[in-house]
Amino acid sequence: MNDIIQVEKLDVGYDGIVVLKQLNFTISKGDITVILGKSGCGKTTILKTLLGLIPPLSGDVAFFGEKIDFHSEKVLNKLYQRIGVLYQGGALLNSLTLYENVALPIKMQHPELPPQIEREMVYSRLAQVGLDESANKYPAELSGGMRKRTALARAMIMDPDIIFCDEPSAGLDPITAAGLDVLMRNLRDLFGITFVVVTHELRSIEKISDRALVLHKGRIHYFGDYKDLFTLKDPFIDTFFMKGEDHDY
Ligand SMILES: Nc1ncnc2c1ncn2[C@@H]1O[C@H](COP(=O)(O)OP(=O)(O)O)[C@@H](O)[C@H]1O
Ligand SMILES: [Mg+2]
């Protein structure tokens, strides 16, 4: 089966206020799906829900064909073995070197692994993002783009099927952001990793998106092939693409 995530009639809210309403969508294996929408529309909330951090008010989520019970720690732990996350801002620990940051998920999930195997895993991931020669540096010694690449190496360390990225290009200049996009596309092409990328920045993701989900006022405004967005002649989407997020619709 090609759909590795299936979401049906999903409602999510905080303190009784419904933020996401009746979402239906699927994520296909090997696709880069981008979730678009202006600030505060619920993009991060979708990711947190898929990660089991916010239990849905109603509706179903299935991963790899199996409906997820978000209240079961056992189910979530099994799921987390197959998922990597690049958090908004990167979330590296400043007191740890790049090596130590990337090794963290191994130390937490597989403390029994021999140091030599851990070393090989960490160095191979750092090499894949072009940072193996910076393994002993600290995050403060790096550019913003290098920090994001380190966070990507950490998200990939356990060989996940899916990587969720929350605003990966935030704070990067356009050239560095484009470089990060090419890196994600290459990782998809080489390893078949499925990416779900949340962003309010259109420019950076145009070259890598296969599918797009546009959120507006808590509902799905569009879900389909990314390229078809441009032939829709939809006023909201036209405004969003022409003017970016800082406008009233
Ligand atoms: N922990 C929370 N408690 C209450 N409301 C929240 C919380 N997190 C987010 N929200 C609200 O949910 C809505 C969606 O937020 P979020 O998913 O962070 O948006 P985005 O990532 O698209 O900017 C916003 O109105 C926000 O104020
Ligand atoms: Mg957000």
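Helix axes here are lines fitted to C-alpha atoms over the stretch in contact, with angles taken between N-to-C directions. All views come from a predicted model.

**View 1. Helix H3 running past helix H5.** The axes of H3 (residues 98-109) and H5 (residues 144-156) come within 7 Å and cross at roughly 30°. Angles under 35 degrees count as roughly parallel, so H3 ends up roughly parallel to H5. The crossing itself is right-handed. On the H3 side, look for Leu98, Asn101, Val102, Leu104 and Pro105; they meet Thr150, Ala153 and Arg154 of H5. Sorted by class, this contact of H3 with H5 has five nonpolar residues, two polar and one charged.

**View 2. Helix H5 again, now with helix H6.** Here H5 packs against H6 (residues 174-191) at an angle of about 20°, and the two axes are 10 Å apart. H5 and H6 are therefore roughly parallel to each other, and they pass in a right-handed crossing. H5 brings Gly144, Gly145, Lys148, Arg149 and Leu152 to the contact, while H6 supplies Thr176, Gly179, Leu180 and Leu183.

**View 3. The shell around ligand 1.** Ligand 1 sits among Tyr14, Asp15, Val19, Gly37, Ser39, Gly40, Cys41, Gly42, Lys43, Thr44 and Thr45. Which helix gives the largest share of this shell? That's H1 (residues 43-50), with three residues. Going by class, the residues around ligand 1 split into six polar, three nonpolar and two charged.

Note on methods
Residues numbered from 1 in each chain as written. Chains lettered and ligands numbered in written order. Predicted model: local features only at pLDDT ≥ 70, side-chain atom pairs only at ≥ 80, totals over all residues. Near = placed C-beta within 6 Å. Helix = DSSP H or I, 4+ residues; strand = E, 2+ residues; numbered from the N terminus. Nonpolar A, V, L, I, M, F, W, Y, C, P; charged D, E, K, R; others polar. Axes fitted to C-alpha atoms, helices over the stretch in contact; angles between N-to-C directions. Parallel < 35°, antiparallel > 145°, perpendicular 65-115°, else oblique. Left-handed = near helix turned anticlockwise from the far one by under 90°. Contact = placed C-beta atoms within 7 Å.
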